[in-house]
Amino acid sequence: MQLDHNKYLKRCLDLALRGASGTHPNPMVGAVIVSETGEIIGEGFHEVYGGAHAEVNAVKNAKSDVKNSTIYVSLEPCAHHGKTPPCTDLIIKHKFKRLVYASHDPNSLVSGKGIAKILSHRIEVIGPEDLDPEIVAEANYLNRAFFKILNRESWITVKIAINENGEMITVPKQITNSNSQKDVHLIRASHQAVLTGSGTLIEDDPQLNVRFSAEELGLAQIKQPYRMVLTSNPKINLGDFKISQGEPRARLITNPHNTLDLSPNCQGQGLKLKAIISELRQEGISKIMVEAGPRLSSSFLDSGLVDELIVYQNTNNRELIKKMGLKLSPILIDGKLIPGKANERDDLRLCYKLTN
Ligand SMILES: NC(=O)c1ccc[n+]([C@@H]2O[C@H](COP(=O)([O-])OP(=O)(O)OC[C@H]3O[C@@H](n4cnc5c(N)ncnc54)[C@H](OP(=O)(O)O)[C@@H]3O)[C@@H](O)[C@H]2O)c1
(Lines give C-alpha, C1' and ligand atoms only; values in the text may rest on other atoms or scores of the structure.)
Protein backbone atom coordinates (compact mmCIF):
# COMPACT_ATOMS: atom_id res chain seq x y z
CA MET A 1 0.00 0.00 0.00
CA GLN A 2 1.28 3.48 -0.96
CA LEU A 3 1.44 5.65 2.19
CA ASP A 4 0.54 9.36 2.04
CA HIS A 5 3.76 10.86 3.44
CA ASN A 6 2.34 14.40 3.67
CA LYS A 7 -0.60 13.27 5.79
CA TYR A 8 1.55 11.52 8.40
CA LEU A 9 4.25 14.20 8.45
CA LYS A 10 1.58 16.85 8.93
CA ARG A 11 0.43 14.90 11.96
CA CYS A 12 4.06 14.81 13.21
CA LEU A 13 4.20 18.62 12.95
CA ASP A 14 0.93 19.05 14.86
CA LEU A 15 2.25 16.76 17.59
CA ALA A 16 5.63 18.54 17.67
CA LEU A 17 3.92 21.87 18.35
CA ARG A 18 2.54 20.49 21.61
CA GLY A 19 6.11 20.69 22.90
CA ALA A 20 6.49 24.39 22.04
CA SER A 21 6.88 25.38 25.70
CA GLY A 22 9.65 23.57 27.51
CA THR A 23 11.70 21.72 24.86
CA HIS A 24 14.03 24.66 24.23
CA PRO A 25 17.04 24.53 23.62
CA ASN A 26 16.05 21.21 22.04
CA PRO A 27 13.95 21.18 18.84
CA MET A 28 10.23 20.49 18.68
CA VAL A 29 9.75 16.98 17.22
CA GLY A 30 6.76 14.75 16.53
CA ALA A 31 6.70 11.08 15.46
CA VAL A 32 4.00 8.81 14.07
CA ILE A 33 4.16 5.03 13.54
CA VAL A 34 2.09 3.73 10.62
CA SER A 35 1.26 0.07 9.92
CA GLU A 36 1.57 -1.51 6.47
CA THR A 37 -2.16 -0.90 5.99
CA GLY A 38 -1.84 2.84 6.72
CA GLU A 39 -3.19 2.77 10.26
CA ILE A 40 -1.54 5.02 12.85
CA ILE A 41 -0.49 2.67 15.63
CA GLY A 42 1.66 5.00 17.72
CA GLU A 43 2.23 8.70 18.25
CA GLY A 44 4.64 10.73 20.35
CA PHE A 45 6.43 14.04 20.65
CA HIS A 46 9.30 15.58 22.57
CA GLU A 47 7.55 17.11 25.58
CA VAL A 48 10.29 18.61 27.68
CA TYR A 49 14.02 19.31 27.54
CA GLY A 50 15.87 16.28 28.95
CA GLY A 51 12.78 14.09 28.51
CA ALA A 52 12.16 11.22 26.06
CA HIS A 53 12.46 11.97 22.36
CA ALA A 54 9.45 11.82 20.03
CA GLU A 55 10.44 8.42 18.57
CA VAL A 56 10.75 6.86 22.04
CA ASN A 57 7.34 8.16 23.07
CA ALA A 58 5.75 6.95 19.83
CA VAL A 59 7.15 3.42 20.35
CA LYS A 60 6.09 3.48 24.02
CA ASN A 61 2.55 4.53 23.04
CA ALA A 62 2.22 1.99 20.19
CA LYS A 63 -0.89 -0.15 20.49
CA SER A 64 0.53 -3.06 18.46
CA ASP A 65 3.88 -4.52 17.32
CA VAL A 66 5.84 -1.88 15.39
CA LYS A 67 7.96 -4.42 13.44
CA ASN A 68 7.80 -3.77 9.68
CA SER A 69 5.90 -0.51 10.14
CA THR A 70 6.96 2.97 8.98
CA ILE A 71 8.12 5.60 11.42
CA TYR A 72 7.55 9.23 10.42
CA VAL A 73 9.56 11.87 12.26
CA SER A 74 9.52 15.62 11.68
CA LEU A 75 13.31 15.86 12.28
CA GLU A 76 16.19 13.52 11.50
CA PRO A 77 16.55 11.05 14.40
CA CYS A 78 19.47 11.60 16.75
CA ALA A 79 22.50 9.33 16.58
CA HIS A 80 24.36 10.40 19.70
CA HIS A 81 24.18 9.73 23.42
CA GLY A 82 22.88 12.98 24.87
CA LYS A 83 20.48 13.05 27.80
CA THR A 84 18.81 9.98 26.21
CA PRO A 85 20.16 7.08 24.04
CA PRO A 86 20.28 7.46 20.22
CA CYS A 87 16.91 7.17 18.46
CA THR A 88 18.58 5.58 15.43
CA ASP A 89 19.41 2.54 17.60
CA LEU A 90 15.77 2.36 18.67
CA ILE A 91 14.64 2.31 15.02
CA ILE A 92 17.09 -0.49 14.23
CA LYS A 93 16.22 -2.48 17.37
CA HIS A 94 12.49 -2.43 16.64
CA LYS A 95 13.01 -3.55 13.02
CA PHE A 96 11.07 -0.78 11.35
CA LYS A 97 10.66 -1.26 7.62
CA ARG A 98 10.99 2.41 6.75
CA LEU A 99 11.98 5.78 8.20
CA VAL A 100 10.54 9.01 6.73
CA TYR A 101 11.88 12.30 8.10
CA ALA A 102 11.17 15.88 6.99
CA SER A 103 14.09 18.06 8.22
CA HIS A 104 17.81 17.45 8.34
CA ASP A 105 19.33 18.07 11.73
CA PRO A 106 22.27 20.44 11.19
CA ASN A 107 23.59 19.52 14.63
CA SER A 108 27.02 18.08 13.82
CA LEU A 109 26.49 15.35 16.42
CA VAL A 110 23.49 14.05 14.46
CA SER A 111 23.78 15.08 10.83
CA GLY A 112 23.81 12.12 8.42
CA LYS A 113 25.55 9.71 10.83
CA GLY A 114 22.45 7.92 12.08
CA ILE A 115 20.98 7.65 8.59
CA ALA A 116 24.04 5.77 7.32
CA LYS A 117 23.73 3.34 10.23
CA ILE A 118 20.00 2.81 9.62
CA LEU A 119 20.60 2.17 5.90
CA SER A 120 23.26 -0.39 6.75
CA HIS A 121 20.50 -2.35 8.53
CA ARG A 122 18.44 -2.48 5.32
CA ILE A 123 15.83 -0.07 6.58
CA GLU A 124 14.47 2.13 3.80
CA VAL A 125 15.01 5.85 4.39
CA ILE A 126 13.02 8.65 2.79
CA GLY A 127 14.48 12.08 3.58
CA PRO A 128 13.67 15.71 2.74
CA GLU A 129 15.07 15.48 -0.80
CA ASP A 130 12.48 12.80 -1.67
CA LEU A 131 9.49 14.59 -0.13
CA ASP A 132 7.05 17.34 -1.10
CA PRO A 133 9.04 20.62 -0.70
CA GLU A 134 6.05 22.26 1.01
CA ILE A 135 5.96 19.82 3.91
CA VAL A 136 9.76 20.06 4.19
CA ALA A 137 9.50 23.88 4.33
CA GLU A 138 6.83 23.59 7.03
CA ALA A 139 9.03 21.27 9.08
CA ASN A 140 12.05 23.58 8.71
CA TYR A 141 9.88 26.57 9.64
CA LEU A 142 8.74 24.87 12.84
CA ASN A 143 12.29 24.70 14.17
CA ARG A 144 13.58 27.97 12.68
CA ALA A 145 14.62 29.30 16.11
CA PHE A 146 16.35 26.02 17.03
CA PHE A 147 18.38 26.04 13.79
CA LYS A 148 19.54 29.61 14.42
CA ILE A 149 20.34 29.08 18.09
CA LEU A 150 22.48 26.04 17.20
CA ASN A 151 24.93 28.50 15.61
CA ARG A 152 25.42 30.12 19.01
CA GLU A 153 23.08 32.99 18.12
CA SER A 154 19.87 34.24 19.69
CA TRP A 155 16.37 34.27 18.23
CA ILE A 156 14.35 37.43 18.71
CA THR A 157 10.66 37.93 17.99
CA VAL A 158 9.10 41.38 18.21
CA LYS A 159 5.32 41.46 18.60
CA ILE A 160 3.29 44.60 18.16
CA ALA A 161 -0.39 45.41 17.89
CA ILE A 162 -1.69 48.24 15.72
CA ASN A 163 -5.11 49.67 15.02
CA GLU A 164 -6.60 50.28 11.59
CA ASN A 165 -4.53 53.47 11.23
CA GLY A 166 -1.30 51.69 12.07
CA GLU A 167 -1.03 53.24 15.54
CA MET A 168 0.47 51.38 18.51
CA ILE A 169 -0.66 53.81 21.19
CA THR A 170 -4.45 54.00 21.34
CA VAL A 171 -7.39 54.81 23.58
CA PRO A 172 -8.72 52.46 24.81
CA LYS A 173 -5.39 50.63 25.15
CA GLN A 174 -6.61 47.16 24.23
CA ILE A 175 -6.23 46.81 20.44
CA THR A 176 -6.57 43.12 19.70
CA ASN A 177 -9.39 40.68 20.35
CA SER A 178 -9.40 37.62 22.60
CA ASN A 179 -8.27 35.23 19.83
CA SER A 180 -5.16 37.32 19.21
CA GLN A 181 -4.52 37.56 22.94
CA LYS A 182 -4.58 33.78 23.22
CA ASP A 183 -2.16 33.60 20.31
CA VAL A 184 0.16 36.05 22.09
CA HIS A 185 0.14 33.91 25.24
CA LEU A 186 1.11 30.92 23.10
CA ILE A 187 4.02 32.92 21.65
CA ARG A 188 5.09 33.94 25.18
CA ALA A 189 4.98 30.29 26.26
CA SER A 190 7.25 29.30 23.37
CA HIS A 191 9.94 31.87 24.25
CA GLN A 192 12.33 31.77 27.19
CA ALA A 193 12.04 35.44 28.04
CA VAL A 194 9.72 38.39 27.39
CA LEU A 195 11.36 41.83 27.32
CA THR A 196 9.61 45.16 27.68
CA GLY A 197 10.60 48.81 28.22
CA SER A 198 10.03 51.13 31.18
CA GLY A 199 7.43 53.06 29.12
CA THR A 200 5.13 50.04 28.90
CA LEU A 201 5.83 49.06 32.51
CA ILE A 202 4.77 52.47 33.79
CA GLU A 203 1.86 53.10 31.38
CA ASP A 204 0.33 49.63 31.20
CA ASP A 205 1.56 47.77 34.31
CA PRO A 206 1.48 44.45 32.36
CA GLN A 207 2.06 40.96 33.78
CA LEU A 208 3.63 39.49 30.62
CA ASN A 209 3.14 35.91 31.81
CA VAL A 210 1.06 33.06 30.33
CA ARG A 211 -2.45 33.03 31.75
CA PHE A 212 -4.07 30.33 29.61
CA SER A 213 -3.86 26.68 30.61
CA ALA A 214 -1.69 24.23 28.67
CA GLU A 215 -4.88 22.55 27.47
CA GLU A 216 -6.33 25.82 26.16
CA LEU A 217 -3.12 26.52 24.23
CA GLY A 218 -2.80 22.95 22.90
CA LEU A 219 0.47 22.41 24.79
CA ALA A 220 1.74 19.52 26.88
CA GLN A 221 2.93 21.92 29.57
CA ILE A 222 3.65 25.59 30.14
CA LYS A 223 7.04 26.93 31.07
CA GLN A 224 6.56 30.52 32.19
CA PRO A 225 9.03 32.90 30.48
CA TYR A 226 11.47 35.12 32.35
CA ARG A 227 10.21 38.70 32.34
CA MET A 228 12.59 41.61 32.01
CA VAL A 229 12.22 45.38 31.89
CA LEU A 230 14.82 47.48 30.08
CA THR A 231 15.50 50.90 31.57
CA SER A 232 18.37 53.27 32.16
CA ASN A 233 16.76 54.13 35.47
CA PRO A 234 17.93 51.74 38.20
CA LYS A 235 15.63 53.43 40.72
CA ILE A 236 12.51 51.84 39.25
CA ASN A 237 11.10 49.47 41.86
CA LEU A 238 9.54 46.43 40.19
CA GLY A 239 7.76 45.67 43.47
CA ASP A 240 5.40 48.56 42.63
CA PHE A 241 4.17 46.75 39.51
CA LYS A 242 2.17 43.62 38.70
CA ILE A 243 5.14 42.14 36.84
CA SER A 244 6.73 41.44 40.25
CA GLN A 245 4.04 38.84 40.97
CA GLY A 246 4.50 35.15 40.10
CA GLU A 247 7.48 33.03 39.07
CA PRO A 248 10.07 33.24 37.68
CA ARG A 249 10.77 36.59 39.30
CA ALA A 250 10.83 39.54 36.94
CA ARG A 251 14.05 41.44 36.58
CA LEU A 252 15.14 44.97 35.76
CA ILE A 253 17.88 45.25 33.16
CA THR A 254 19.82 48.47 33.60
CA ASN A 255 23.20 49.48 32.39
CA PRO A 256 25.18 52.25 34.02
CA HIS A 257 26.91 52.96 30.69
CA ASN A 258 23.61 53.39 28.86
CA THR A 259 24.04 55.29 25.59
CA LEU A 260 24.12 55.16 21.86
CA ASP A 261 21.91 52.32 20.69
CA LEU A 262 19.00 54.73 20.23
CA SER A 263 16.55 54.74 17.39
CA PRO A 264 15.47 58.20 16.18
CA ASN A 265 12.10 57.49 17.83
CA CYS A 266 13.61 56.97 21.24
CA GLN A 267 13.94 60.23 23.11
CA GLY A 268 15.16 58.80 26.41
CA GLN A 269 18.46 57.13 27.12
CA GLY A 270 18.80 53.74 25.52
CA LEU A 271 20.55 50.60 26.59
CA LYS A 272 22.89 48.81 24.22
CA LEU A 273 20.67 46.06 22.94
CA LYS A 274 23.40 43.96 21.32
CA ALA A 275 25.29 43.83 24.62
CA ILE A 276 22.15 42.85 26.54
CA ILE A 277 21.25 40.07 24.10
CA SER A 278 24.79 38.77 24.19
CA GLU A 279 24.84 38.75 28.02
CA LEU A 280 21.50 36.93 28.12
CA ARG A 281 22.85 34.40 25.66
CA GLN A 282 25.76 33.73 28.02
CA GLU A 283 23.19 33.04 30.73
CA GLY A 284 21.57 30.48 28.40
CA ILE A 285 18.64 32.74 27.47
CA SER A 286 18.54 32.78 23.68
CA LYS A 287 14.89 32.66 22.57
CA ILE A 288 13.49 36.09 23.33
CA MET A 289 10.22 37.89 22.68
CA VAL A 290 9.96 41.68 22.80
CA GLU A 291 6.58 43.10 23.83
CA ALA A 292 7.17 46.80 24.21
CA GLY A 293 5.95 50.21 23.13
CA PRO A 294 7.08 52.01 19.97
CA ARG A 295 10.39 53.20 21.41
CA LEU A 296 11.95 49.92 22.44
CA SER A 297 10.28 48.00 19.58
CA SER A 298 11.75 50.37 16.99
CA SER A 299 15.16 50.30 18.67
CA PHE A 300 15.11 46.53 18.37
CA LEU A 301 14.00 46.69 14.74
CA ASP A 302 16.74 49.24 13.96
CA SER A 303 19.35 47.09 15.68
CA GLY A 304 19.16 44.32 13.07
CA LEU A 305 18.82 41.78 15.87
CA VAL A 306 15.21 40.85 15.14
CA ASP A 307 14.38 37.58 13.38
CA GLU A 308 10.64 37.86 13.23
CA LEU A 309 8.15 40.71 13.53
CA ILE A 310 4.59 39.69 14.33
CA VAL A 311 1.97 42.38 13.76
CA TYR A 312 -1.62 42.06 14.92
CA GLN A 313 -3.87 44.57 13.21
CA ASN A 314 -7.37 45.21 14.38
CA THR A 315 -9.25 45.96 11.20
CA ASN A 316 -12.92 46.17 10.42
CA ASN A 317 -12.13 46.79 6.78
CA ARG A 318 -13.08 43.34 5.54
CA GLU A 319 -13.61 44.67 1.99
CA LEU A 320 -10.00 45.80 1.76
CA ILE A 321 -8.81 42.42 2.95
CA LYS A 322 -10.94 40.71 0.31
CA LYS A 323 -9.68 43.06 -2.41
CA MET A 324 -6.09 42.27 -1.43
CA GLY A 325 -7.00 38.65 -2.05
CA LEU A 326 -6.19 37.74 1.52
CA LYS A 327 -7.90 35.10 3.53
CA LEU A 328 -8.55 36.35 7.03
CA SER A 329 -5.66 36.10 9.48
CA PRO A 330 -3.01 35.08 6.99
CA ILE A 331 0.57 34.59 8.01
CA LEU A 332 3.20 36.16 5.78
CA ILE A 333 6.37 34.12 5.60
CA ASP A 334 9.11 35.05 3.17
CA GLY A 335 6.62 37.13 1.22
CA LYS A 336 4.31 34.16 0.84
CA LEU A 337 0.86 34.21 2.38
CA ILE A 338 -0.17 31.19 4.38
CA PRO A 339 -3.86 31.27 5.29
CA GLY A 340 -4.54 31.04 9.00
CA LYS A 341 -7.17 28.91 10.66
CA ALA A 342 -9.06 32.00 11.76
CA ASN A 343 -12.66 32.99 11.63
CA GLU A 344 -14.33 36.19 10.41
CA ARG A 345 -13.95 38.10 13.65
CA ASP A 346 -10.18 37.75 13.88
CA ASP A 347 -7.56 40.45 13.65
CA LEU A 348 -5.14 40.46 10.78
CA ARG A 349 -1.93 38.69 11.78
CA LEU A 350 1.16 39.29 9.71
CA CYS A 351 4.44 37.61 10.38
CA TYR A 352 7.56 39.10 8.75
CA LYS A 353 10.77 37.16 8.62
CA LEU A 354 13.64 39.64 8.98
CA THR A 355 16.78 37.49 9.01
CA ASN A 356 17.94 34.41 7.10
N1 LIG B 1 0.47 48.40 20.59
C2 LIG B 1 1.41 47.72 21.16
O3 LIG B 1 1.85 46.68 20.66
C4 LIG B 1 1.99 48.21 22.47
C5 LIG B 1 2.77 47.33 23.24
C6 LIG B 1 3.31 47.82 24.43
C7 LIG B 1 3.04 49.13 24.82
N8 LIG B 1 2.25 49.92 24.06
C9 LIG B 1 1.99 51.31 24.45
O10 LIG B 1 3.22 52.03 24.30
C11 LIG B 1 3.23 53.11 25.23
C12 LIG B 1 4.61 53.23 25.83
O13 LIG B 1 5.52 53.46 24.77
P14 LIG B 1 7.07 53.61 24.96
O15 LIG B 1 7.66 53.63 23.59
O16 LIG B 1 7.38 54.72 25.88
O17 LIG B 1 7.41 52.29 25.77
P18 LIG B 1 8.57 51.17 25.69
O19 LIG B 1 9.11 51.07 24.31
O20 LIG B 1 8.01 49.96 26.31
O21 LIG B 1 9.69 51.77 26.65
C22 LIG B 1 10.57 52.76 26.20
C23 LIG B 1 11.63 53.05 27.25
O24 LIG B 1 12.48 51.92 27.39
C25 LIG B 1 13.76 52.39 27.83
N26 LIG B 1 14.83 51.88 26.97
C27 LIG B 1 15.94 51.25 27.41
N28 LIG B 1 16.74 50.96 26.39
C29 LIG B 1 16.15 51.40 25.27
C30 LIG B 1 16.52 51.38 23.90
N31 LIG B 1 17.69 50.87 23.48
N32 LIG B 1 15.66 51.92 23.01
C33 LIG B 1 14.49 52.44 23.41
N34 LIG B 1 14.09 52.49 24.69
C35 LIG B 1 14.92 51.98 25.63
C36 LIG B 1 13.74 53.90 27.78
O37 LIG B 1 13.37 54.37 29.07
P38 LIG B 1 14.41 54.77 30.24
O39 LIG B 1 14.48 56.25 30.20
O40 LIG B 1 13.74 54.24 31.48
O41 LIG B 1 15.72 54.13 29.98
C42 LIG B 1 12.53 54.18 26.88
O43 LIG B 1 11.92 55.42 27.09
C44 LIG B 1 2.11 52.86 26.21
O45 LIG B 1 1.06 53.78 25.98
C46 LIG B 1 1.62 51.47 25.91
O47 LIG B 1 0.24 51.33 26.08
C48 LIG B 1 1.73 49.50 22.89
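**Figure 1. Trp155 and Lys287 face each other across β6 and β10.** In this predicted model, Trp155 stands opposite Lys287 in β10. The two strands, β6 and β10 (residues 287-290), run in the parallel sense and share four bridges. Helix α7 (residues 178-189) packs on the sheet. Its contacts reach β6, β7, β10, β11 (308-313) and β14. The direction of α7 makes about 165° with that of β6.

**Figure 2. Seven strands line up in an open, mixed sheet.** The strand order is β9-β8-β7-β10-β6-β11-β14. β9 and β14 (348-353) stand at the edges, and each has a single partner strand, so one side of each lacks a neighbour in the sheet. Neighbouring strands are turned by 25° against each other on average, direction ignored. Strands of a sheet pair through backbone hydrogen bonds, in either a parallel or an antiparallel sense.

**Figure 3. Strand β8 sits between β7 and β9.** β8 pairs with β7 in the parallel sense over five bridges. Within that pairing, Gly197 has Leu230 of β8 as its bridge partner. β8 also pairs with strand β9 (residues 251-253), again in the parallel sense, over three bridges. There, Met228 stands opposite Arg251 in β9. Is β8 enclosed by the rest of the structure, or left open? Strand β8 (residues 226-230) is largely enclosed, because four of its five residues are buried.

**Figure 4. The ligand is surrounded by 32 residues.** The closest are Gly197, Gly199, Gly270, Gly293 and Arg295. By class, the shell holds 13 nonpolar, 14 polar and five charged residues.

Figure 5. The strands follow the order β2-β1-β3-β4-β5, and the pairing is mixed. β2 (40-45) and β5 (124-126) are the edge strands, each pairing on one side only. The twist from one strand to the next averages 15°. Helix α1 packs on this sheet and touches β1, β2, β3, β4 (98-103) and β5. The direction of α1 makes about 140° with that of β1. Inside the sheet, strand β1 (residues 30-34) and strand β3 (residues 70-75) pair in the antiparallel sense over four bridges. Val34 has Thr70 of β3 as its bridge partner.

**Figure 6. Helices α1 and α5 pack against each other.** Helix α1 (residues 5-17) and helix α5 (residues 133-142) have axes 10 Å apart and an angle of about 10° between them. That makes α1 roughly parallel to α5. Which residues of α1 meet α5? Asn6, Leu9, Lys10, Leu13 and Ala16 of α1 meet Ile135, Glu138, Ala139 and Leu142 of α5. The residues of this contact divide into six nonpolar, one polar and two charged.

**Figure 7. Two cis peptide bonds lie in loops.** The bond from Val171 to Pro172 is cis, with omega near -5°. Pro172 lies in the loop between β6 and α7. The bond from Glu247 to Pro248 is also cis, with omega near -10°. Pro248 is placed in the loop between β8 and β9. Most peptide bonds are trans, and most residues other than glycine have a negative phi.

Figure 8. Phi of Asn68 is near 70°. Asn68 lies in the loop between α2 (54-60) and β3. Is Asn68 buried or exposed? Asn68 counts as exposed, because 12 C-beta neighbours lie inside 10 Å. Phi of Lys95 is near 55°. Lys95 is found in the loop between α3 (87-93) and β4. With 14 other C-beta atoms within 10 Å, Lys95 is partly exposed.

**Figure 9. The whole chain, for orientation.** The protein chain has 12 helices and 14 strands. Buried residues make up 37% of its 356 residues. Among contacts with a separation of 6 or more, 69% join residues 24 or more positions apart.

Note on methods. Residues numbered from 1 in each chain as written. Predicted model: local features only at pLDDT ≥ 70, side-chain atom pairs only at ≥ 80, totals over all residues. Buried ≥ 20, exposed ≤ 12 C-beta atoms within 10 Å, placed from the backbone. Contact = placed C-beta atoms within 7 Å. Near = placed C-beta within 6 Å. Nonpolar A, V, L, I, M, F, W, Y, C, P; charged D, E, K, R; others polar. Pairing = 2+ DSSP bridges. Axes fitted to C-alpha atoms, helices over the stretch in contact; angles between N-to-C directions. Parallel < 35°, antiparallel > 145°, perpendicular 65-115°, else oblique.
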